[in-house]
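Visitor: I would like a close look at one part of this model, with the charged side chains as my way in. Could you take me through it?

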Amino acid sequence: MSEILLTTSVGSFGKPDYLQKARNANARGKLSGTELRDVEGKATEEWIRRQEAIDLDILVDGEMYRGDMVAYFAELIDGFRIGGLVRSYGNRYYHKPVIASKVSRPKPMTVDWFRYAQALTDRPVKGMLTGPYTLLDWSYNEAYRTRRDAALALAEVVRQEAEDLDRAGARFIQIDEPAIHARPEELDIAIEAMGLVTQNLGAKTISHICYGDFAAIYPKVLDLPVDQLDLAMHNYEYRWLALFDKDPFTKELAIGVVDVHSHRLETVAEAAEGIRRGLRYVSAERLLPHPDCGLKTRTVEESLDKCRIVVEAAKVVRGELAAVAARA
Amino acid sequence: MALYPYFFPNSNLVEALAGLPVAQVGLDLRSRESSARAIERLGALRQIVVLGVVDARNTRLETPRELGELVEAALRQVPADRLWLSPTTGLEYLPHDVAVKKLAALGDAASATGGVR
């Protein structure tokens, strides 16, 4: 594993066709849960091998077992029910979860998947969770009087899961909060809730934030109690970096250098330039190149190509830094 | 012309909205916890006030009592002939069955306060 510009990804990867078919068969009652888990395990192992083959440094399990990042947890947390269909955009509808009563965690939700994925490789695999504020914001709340009350109750559930991942040996635990800029006036709630989650963790903590007005929450978001912020940057043409001129960035930065919402494959030169931009604000030891966001909307081949560009770009810039060091 | 500033905290906007040359002003009293404070300042408005009293972004159904209290408070600031009731925004953010129940609750609240003519 390199010591600078460690490469990683945000969490999800494209699902292979055979897994999509298995999920559909399971939904129609034609494939058992046990059989589906076997298929998910096979797809997870394939993604671990692919990440090793292209030489990513910090791996993910690829979330082959998830539909989306909130519904997956809502189905496993007591107190939620899965609500009726709601339009997300265009003609796309989804079942939005409802916090119907007080929430609690009957059993671990991701620990077995983490153990399974980590046992397949010597490279570190990140534990992957959705943060309490995003679980709240992407659900309806019928059970708690205030949104803060709901966020703190969800934080207790996420804390238990994060501490189980910590005990299971996760060296990195990522607690995603993409909804954090939905209501900037509630940033304090998100920070308070995250503090409950991370307070006892030995693992390095990360939070992924994407697709919103980052300027509306910066620099206050630096108070989010995690070691690393993981930000979509390429899609925004790196505009958020300019914020760091006035208020220096104080955490590790995982920087998105390829756009996950475009079929177009960036060049290595483009991604390398993104890394160089990040290096103006964060040292190479604290800068981690990756794709802007999860790759689940891309095909397996596109996911792989995007990650390969990230890895190659990091090698180019590491070479440049080594050359500068050698001349010094 | 009607102006409905959806979603954002509006309790500080009431006076600014009062000066705008529009026939109706819509206010979301639900989706932010601070938004209900706007009700105390509705008297500043001279337009028709369209009060978003059922939350179109949450499935929890408002009770007749809480809707009644909101409408009574609004009526202390705005005469009934300038007060309309509505959901806080469009109903596309709710499942269909809940959206229908929200509209029914709205109608019940208006009837209960004698506002439907």
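Visitor: Which residues of chain B are linked in a network of salt bridges? Please go on from there to the contact between the chains.

Guide: Happy to. Please keep in mind that this is a predicted model. The network you ask about joins R30(B), R60(B), E62(B), E66(B) and K102(B) through salt bridges. Over all chains, the structure holds 36 salt bridges.

Let us turn to the place where the two chains meet. Chain A contributes 13 residues to the contact, and chain B contributes 13 residues. Between them, chain A and chain B bury about 1,100 Å², with 40% of that area on carbon and sulfur atoms. On the side of chain A, Y140(A), E142(A) and R183(A) account for 44% of the area this chain buries against chain B, which is more than any other three residues supply.

Now for the charged pair at this interface. Across the interface of chain A and chain B, the rule finds one salt bridge. Its partners are R87(A) and E92(B), whose closest N and O atoms are 2.5 Å apart. The pair crosses between chains: E92(B) sits in the loop between β4 (83–87) and α3 (96–112) of chain B, while R87(A) belongs to strand β1 of chain A. E92(B) counts as partly exposed because its relative accessibility is 37%. R87(A), with a relative accessible area of 35%, is partly exposed as well.

The elements that give two or more residues to the side of chain A touching chain B are β1 (78–89) and β4 (140–141) of chain A. The largest share of that side, four residues, comes from β1(A).

In one of them, D137(A) pairs with R147(A), the closest N and O atoms being 2.7 Å apart. This pair links distant parts of the chain, ten residues apart: D137(A) is in helix α5 (residues 132–137) and R147(A) is in helix α6 (residues 147–167), both of chain A. D137(A) counts as buried because its relative accessibility is 15%, and R147(A) is buried at a relative accessible area of 13%.

The other salt bridge joins the side chains of K220(A) and D188(A), at 3.4 Å from N to O. K220(A) lies in the loop between β6 (204–209) and β7 (228–231) of chain A and D188(A) lies in helix α7 (residues 187–198), so the pair ties together parts that are 32 residues apart in sequence. K220(A) is partly exposed, with a relative accessible area of 38%, and D188(A) is partly exposed at 46%.

One last stop is R159(A), which has its place in helix α6 of chain A. R159(A) is buried, with a relative accessible area of 16%. Leaving aside residues up to four places away in sequence, R159(A) touches L196(A), V197(A), Q199(A) and N200(A).

Definitions and conventions:
Residues are numbered from 1 along each chain as its sequence is written. Chains are lettered from A and ligands numbered from 1 in the order in which they are written. This is a predicted model: local features need pLDDT of at least 70, side-chain atom pairs count only at pLDDT 80 or more; totals for chains, interfaces and linings use all residues. Side-chain values use heavy atoms; hydrogens and water are left out. Contact means heavy atoms within 4.5 Å. Buried area is the accessible area (1.4 Å probe) that two parts lose on being put together, summed over both. A salt bridge is a side-chain nitrogen of Lys or Arg within 4 Å of a carboxyl oxygen of Asp or Glu. Buried means under 20% relative accessible area, exposed over 50%, partly exposed in between (1.4 Å probe, protein chains only).
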